[in-house]
Amino acid sequence: MLPSADFPALRVLVADDEPDHAESLRILLELWGHEVRVARDGAEALTAAEQFQPHLALLDFNMPKLSGGEVARRLRQLPGQEDLVLVLITANAEDAAPVVPYRPLFNYFIRKPYNLTQLERFLARASRASVEPGDTDEAPGT
Amino acid sequence: MGATLDLDELCSVLRACDVIELDDCTPAYLGDFLAERVAAAEPDLSVKLRMLDGERMDRLCECIKAAHAVVR
């Protein structure tokens, strides 16, 4: 679904230390008309978020330097990030022990592999709606 | 008929799909996605993928789904 007046293009931050995974997401998001910035670790994700001011951040949980959970915690503390939609990417269930403390910080949870239909629909929904932190609406890949 | 892939190229395509999951219908953007994924490492394959006609892209999509059913 390409951007339109009802589904505006988003600035999307992708943070994943797996180059192939990050690249796959980047390509898909750009094909769907969104602007993408890729970060390879948690520290880079924080810097990129401050510079890029994304609408949406897809954060892999297990990353070097800072986990996706810690990135989320610090992003939520920054001024002007109230509308930032945070999505946790995990290969395991979002109720796995390391993830649990960070759950309230995220708007959505998605698992790899990325179901393309669900992911595309999610981006369309995210582009026209704002979601409150802690909302666990149905997420793609679950 | 359009371009065809050899086995090595098919393997490259399957590896490029490592982190995605396909549903029943072939996404209209699948060819572009695959072409972009392999472009840096295999530019000739990237060109071939952009030349695949609809029928071959559908078959490729089915092949990818079948492979995922085996390895996941």
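Mentor: Happy to. A nonpolar core is a set of buried Ala, Val, Leu, Ile, Met, Phe, Trp, Tyr and Cys residues joined through side-chain atoms within 4.5 Å, where buried means under 20% relative accessible area (1.4 Å probe, protein chains only). This is a predicted model, with local features needing pLDDT of at least 70 and side-chain atom pairs pLDDT 80 or more, while totals for chains, interfaces and linings use all residues. Residues are numbered from 1 along each chain, chains are lettered from A in the order written, and side-chain values use heavy atoms, without hydrogens and water.

Trainee: Okay, how many residues does the largest nonpolar core have?

Mentor: It has 44 residues, and A:Leu56, A:Leu119, B:Leu34 and B:Leu49 are among those with the most contacts inside it. Another core, of 23 residues, lies apart from it and includes A:Val71 and A:Tyr102.

Trainee: Switching topic: how much area do chain B and chain A bury between them?

Mentor: About 1,400 Å², 62% of it on carbon and sulfur atoms; that is accessible area (1.4 Å probe) lost on putting the two together, summed over both. In chain B, B:Val19, B:Tyr29 and B:Arg37 lose the most area to chain A, together 47% of what that side buries.

Trainee: And which residue forms a salt bridge with B:Arg37?

Mentor: A:Asp20 does, with the closest N and O atoms 3.9 Å apart. The rule, a side-chain nitrogen of Lys or Arg within 4 Å of a carboxyl oxygen of Asp or Glu, finds one salt bridge across this interface.

Key. Buried means under 20% relative accessible area, exposed over 50%, partly exposed in between (1.4 Å probe, protein chains only).
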